[in-house]
Amino acid sequence: MSRSTGNPSPRKPYTPNPSAPAPSLPNPSTWEPRPAARWEDAFLSGNGHHGAMVHGDPADDRVIVNHHTLVRPNGSEDLRPPELAGELGPLQDALLSGDTRAAERFGAGSPLVWVQPFHPAFQTRVRRAPAESGTPLGAGAGAHGTAHAGAGPEAECTAPAGTAPGPSYRRELDFTSGETVASHGPWRSRVFVSRADDVIVQHITGPAADTEVWLDPVLPGAPANLAVGRSTVLTPQGARIALRLRYPESDLSCTGVSVLRAEGGTVSVSGDGVRVAGARSMLLLTRVRRSPGEPDLDAEWAALPDDDYDALMARHLPLHRSAFGRCALTLHDEDPARQGLPGSELLRHPGSPALLERLFAAGRYHVLSASGALPPRLTGVWTGDWDTAWSGAFTTNANLNLQVASATAGNLPEVLDAHARLIEGQLDHWRENARALFGARGIVAPSHSDGESGHTRHFQRAYPLHLWTAGADWLLHPLCEQAQCRGAAPDALVSACAEVADFYTDFLTREGPDGAVAIVPSYSPENRPENASWGTLNATMDIAAARHALTTAAELAPAHPDADRWRDLAGRLPRYRINADGALAEWAWPGLRETYDHRHLSHLYPVWPLDEINPYDTPGLAAAAHRALELRGSENDSAHGHLHHALVAARLRDGARVSAALASVLDGDFFHDSLMSAHYPDRNVYNADAAHALPAVVLEMLVQSAPGRLVLLPALPAAYPRGALRGVRTRFGAVLDLVWTPEEITASLRPTRDARIELRTGPPPGSPAGPAEPGEASWVTLTAGADRVLTLRRRVSGGR
């Protein structure tokens with residue numbers, strides 16, 4: 001695991017210029033009074049394929065170029081799961097007979113192999129030429145056809161950056177358009193990643209000096225023997241520039257192509273790029289792709305659009321704006337001035353409604369921008385370092401589902417469509433996992449993927465993720481929720497759910513002493529019992545996943561010849577266990593003791609997201625789940641652990657616990673100036689978990705829906721007594737707008753199909769901290785196409 005930059009220096013305080021007008025801030029957006037000194041603080045733009053990280057420095061305008069397909073070959077690309085199915089029977093016998101360490105022998109000869117690591121491509125550089133210098137600015141950054149020496153983090157900044165050039169400087173990111181704009185005096189740089197044309201677009205006006213433009217591969221962690229090839233061709237409008245990076249010991253390379261168009265002035269070849277003199281403006285269009293062999297550069301250049309900035313933006317804007325704008329949050333802040341603060345300064349006010357409102361918008365923007373060809377990686381679709389932590393993979397046992405958790409209610413089907421593409425592209429590999437490891441039909445998902453391979457490869461004694469069988473159900477569940485919103489499941493989802501049921505039909509062949517089906521081997525990511533090894537029996541997550549998979553397959557395909565068999569098998573699964581502490585146990589097997597201090601909450605899967613355990617239908621199990629949440633520690637303070645905790649607490653109607661979990665993240669210095677997040681406190685390890693999962697927490701604390709139920713303000717923290725949430729998709733087929741004050745709730749429903757729903761509300765203002773009683777329900781009948789407005793009084797706690 002790599003922590004690419006270490007802890008950053010403390011944030012510089014924002015001192016407003018008293019002679020300047022008060023900053024205006026289009027809502028929703030964010031801004032900074034200085035360029036980004038670190039790549040982690042660069043503003044982000046993306047279209048789900050390409051990603052751009054924008055520093056906004058007038059002296060050295062750098063944009064780091066990313067693409068979802070950029071993974072570095074590491075020898076794992078053709079790795080297949082080992083043939084272990086023949087050892088499964090003896091392993092099951094040993095575990096059932098009481099050998100608590102038997103699972104350590106299953107796959108013990110197979111190494112832990114990390115997936116191909118995600119990496120950046122290069123950075124575009126637009127740097128002002130120093131006065132009276134005879135040295136081309138691009139010189140030394142790698143010569144034609146030569147090997148390029150990898151650079152350390154200190155090589156990232158080759159010109160002074162990160163300090164405000166003066167009071168007129170401003171760097172701004174508009175979430176509604178995906179455009180980042182940096183300006184200083186007459187200089188202005190605008191960047192966005194087009195959804196319509198799949199190209200990174202940069203437009204610079206007022207260069208005011210000779211400028212060097214080139215594609216720079218010098219980024220932290222780049223391999224020492226990365227072969228670099230360049231090409232520069234002058235054109236009547238400007239120039240064509242290309243950079244090819246060939247991976248060591250591979251025929252694969254990533255190739256970037258840029259077209260430069262200059263308005264006025266002259267363009268000449270200089271060093272590794274071009275020198276532009278006297279231009280009034282410059283337009284730079286950039287793409288990158290990963291491919292084998294030698295690319296056809298002429299074809300790549302010719303494929304770039306021949307349009308100006310405004311025309312490109314006009315095609316892009318409707319696609320981005322319509323998606324981002326479907327759902328919005330407004331919170332009342334007692335200090336309106338906080339709404340206009342730079343993001344870095346607003347982060348100094350962790351309890352302010354203005355901060356949560358901006359982070360909700362930023363998280364929504366970032367998860368949309370990172371989703372397209374694939375869903376978000378651990379770093380979204382961005383990184384400035386070749387040495388990404390945990391390979392920058394799709395980590396499926398917690399992180400990926402947390403990142404896409406807001407997509408259903410937040411009305412971002414684009415995110416779930418990308419999630420479906422990842423799954424559908426790997427189903428053959430998932431089938432091979434089931435066959436090779438367990439001798440079963442159906443599908444078993446891996447714990448990590450690079451986007452290309454879906455094969456199981458994480459074999460490790462301490463984290464035996466090859467034993468985890470719940471992954472397919474966990475990953476398909478967001479798509480099942482989306483199908484509930486739409487009122488129908490696509491054939492591909494029905495087929496995949498049936499394959500999960502097929503796996504459990506073949507795998508669940510053993511029984512425990514009580515006659516119930518035993519799940520053996522079983523694993524609860526990423527924890528172990530206090531008195532046994534990691535691979536054991538009847539992990540609660542595995543029980544929940546098996547029951548959900550079998551019943552869901554039968555519901556989606558009632559005419560399937562095995563539907564009755566699936567229902568019968570689901571009914572024979574073990575019951576959940578409540579331990580001596582009154583908590584829902586992580587393992588429903590007698591004698592296994594809990595390990596409470598852990599960042600993962602895998603055993604609370606039946607609470608969130610499944611909703612199998614809830615305060616309305618299963619109050620006893622909900623109380624036990626809440627007790628388990630009370631006893632759970634945070635271990636290493638991972639952001640995903642805190643926000644997963646908040647999601648479960650919201651389902652259990654505990655607003656105080658939601659508030660505490662949010663505070664752990666907002667007070668923990670988890671967010672960079674870019675409003676992208678870190679995995680650990682103190683901005684340690686660039687990671688999208690907190691940024692992307694936070695909107696889901698906000699949605700869950702304000703609105704929860706099931707096919708026949710709507711809960712309004714189930715877990716509202718006291719810090720947010722009034723606000724509005726617009727555009728929430730419900731799982732009973734309506735779109736909801738919500739407005740709340742301490743006295744009243746107004747819910748406007750726009751149903752697309754008929755429904756009869758159970759309506760509940762959260763605790764009244766002033767209620768004591770802790771889980772709220774569910775109270776009484778009322779019933780609402782909805783008719784497709786007929787809007788319905790519900791106005792509910794909020795009874796003050798203790799009143800009548």
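Biologist: How many nonpolar, polar and charged residues does the lining of the largest cavity have?

Modeller: Before the answer, a word on the source: this is a predicted model, in which local features need pLDDT of at least 70 and side-chain atom pairs count only at pLDDT 80 or more, while totals for chains, interfaces and linings use all residues. Residues are numbered from 1 along each chain as its sequence is written, and side-chain values use heavy atoms, with hydrogens and water left out. As for classes, Ala, Val, Leu, Ile, Met, Phe, Trp, Tyr, Cys and Pro count as nonpolar, Asp, Glu, Lys and Arg as charged, and the others, Gly among them, as polar. By that scheme the lining of the largest cavity has ten nonpolar, six polar and five charged residues.

Biologist: What is a cavity, and which residues are the closest to the centre of the largest cavity?

Modeller: On a 1 Å grid over the protein atoms alone, a cavity is a set of points where a 1.4 Å probe fits but cannot get out, and lining residues have an atom within 4 Å of a point. The volume is the space filled by probe spheres set on the points, which are joined across faces, edges and corners. Here there are nine cavities of 30 Å³ or more, and the largest cavity holds about 280 Å³ of space. Its lining comprises 21 residues, of which Ala 405, Ala 409, Glu 481, Arg 651 and Glu 700 are the closest to the centre. Helices (H or I, at least four residues) and strands (E, at least two) are DSSP runs, numbered from the N terminus; in these terms α9 (471-486), α16 (689-702), β25 (703-706) and β27 (723-729) each supply at least two residues of this lining.

Biologist: Which element gives the largest share of the lining of the second largest cavity?

Modeller: That share, three residues, comes from β25. The second largest cavity has about 80 Å³ of space, and among the residues that line it are Asp 611, Tyr 616, Arg 651 and Arg 709. Its lining divides into four nonpolar, three polar and three charged residues.

Biologist: Is Asp 216 buried or exposed?

Modeller: Buried means under 20% relative accessible area, exposed over 50%, and partly exposed in between, with a 1.4 Å probe and protein chains only. Asp 216, which lies in strand β11 (residues 211-216), counts as buried because its relative accessibility is 3%. The side chain of Asp 216 makes a polar contact with the side chain of Arg 125 at 2.4 Å; a polar contact is a pair of N or O atoms within 3.5 Å, where, within protein, one must be able to donate a hydrogen and the other to accept it, and residues adjacent in sequence count only if both atoms are side-chain atoms. The side chain of Asp 216 also reaches the backbone nitrogen of Val 218 at 2.9 Å.

Biologist: Why is strand β8 described as largely enclosed, and how many bridges join β8 to β9?

Modeller: Five of the six residues of β8 (residues 179-184) are buried, and therefore the strand is largely enclosed by the rest of the structure. Two strands pair if DSSP finds at least two bridges between them; five bridges join β8 to β9 (residues 187-193), and the two run antiparallel. Thr 180 stands opposite Val 191 in β9, and the hairpin of β8 and β9 has two residues between its strands, with Gly 185 in the turn at a positive phi of about 60 degrees. Strand β7 (residues 170-174) is likewise joined to β8 by five bridges and runs antiparallel to it, with Glu 172 opposite Val 181.

Methods:
1 Å grid on protein atoms, 1.4 Å probe; cavity = no way out; pocket = protein on both sides within 12 Å on 5 of 7 lines; lining within 4 Å.
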